[in-house]
Amino acid sequence: MNVTLFFGLLLRAEVLGTVGGFGASMLVMPLAGWFLPFDQALGLTAVFHVFSNAAKMILFRKGLDKQLLLRMGIPAVIGVL
C-alpha cells in the first residue's frame, strides 16, 4: 500500500475522531491495526496522540488555564515517567 495513502487515511481518522468527540484512537487504532502489527499500530497511535494534543494546545492557547496545567499537567507527566 502506498505510504502517502496510508498516512492520509490515518490523518482523516484522527480528525474525524477528534471532531466527533469520541477519541481518535477509536478509528486510528483499528485502521493502523489492519495494516501493521499490533505493537507498531499502538506506537503509531501514540505518536498521533502526541501531535494531536500539541496541535490543540497551540490552537486553543488563549483559553489555556495555566494554574490547571501546573496542578494537573506536571503530576501527570511525572506519573507517566
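1. The largest pocket holds about 190 Å³ of space, a pocket being an open set of points on a 1 Å grid where a 1.4 Å probe fits, with protein on both sides within 12 Å along at least five of seven lines. H1 and helix H3 (38-59) are the elements that give two or more residues to its lining, and H3 contributes the most, with seven residues. Lining residues have an atom within 4 Å of a point, and they include Leu 11, Val 15, Phe 48 and Lys 56. By class, seven are nonpolar, two polar and two charged.

2. This is a predicted model, in which local features need pLDDT of at least 70 and side-chain atom pairs pLDDT 80 or more, whereas totals for linings use all residues. Residues are numbered from 1 along each chain, and side-chain values use heavy atoms, without hydrogens and water. The average pLDDT (the predictor's confidence in each residue, from 0 to 100) is 82, and 98% of the residues score at least 70.

3. The 15 residues of helix H4 (residues 66-80) should span 21 Å at 1.5 Å a residue, so the 20 Å between its end C-alpha atoms agrees.

Methods
Helices (H or I, at least four residues) and strands (E, at least two) are DSSP runs, numbered from the N terminus. The expected span of a helix is 1.5 Å times one less than its number of residues. Grid points are joined across faces, edges and corners, and a volume is the space filled by probe spheres set on the points. Ala, Val, Leu, Ile, Met, Phe, Trp, Tyr, Cys and Pro count as nonpolar, Asp, Glu, Lys and Arg as charged, and the others, Gly among them, as polar.
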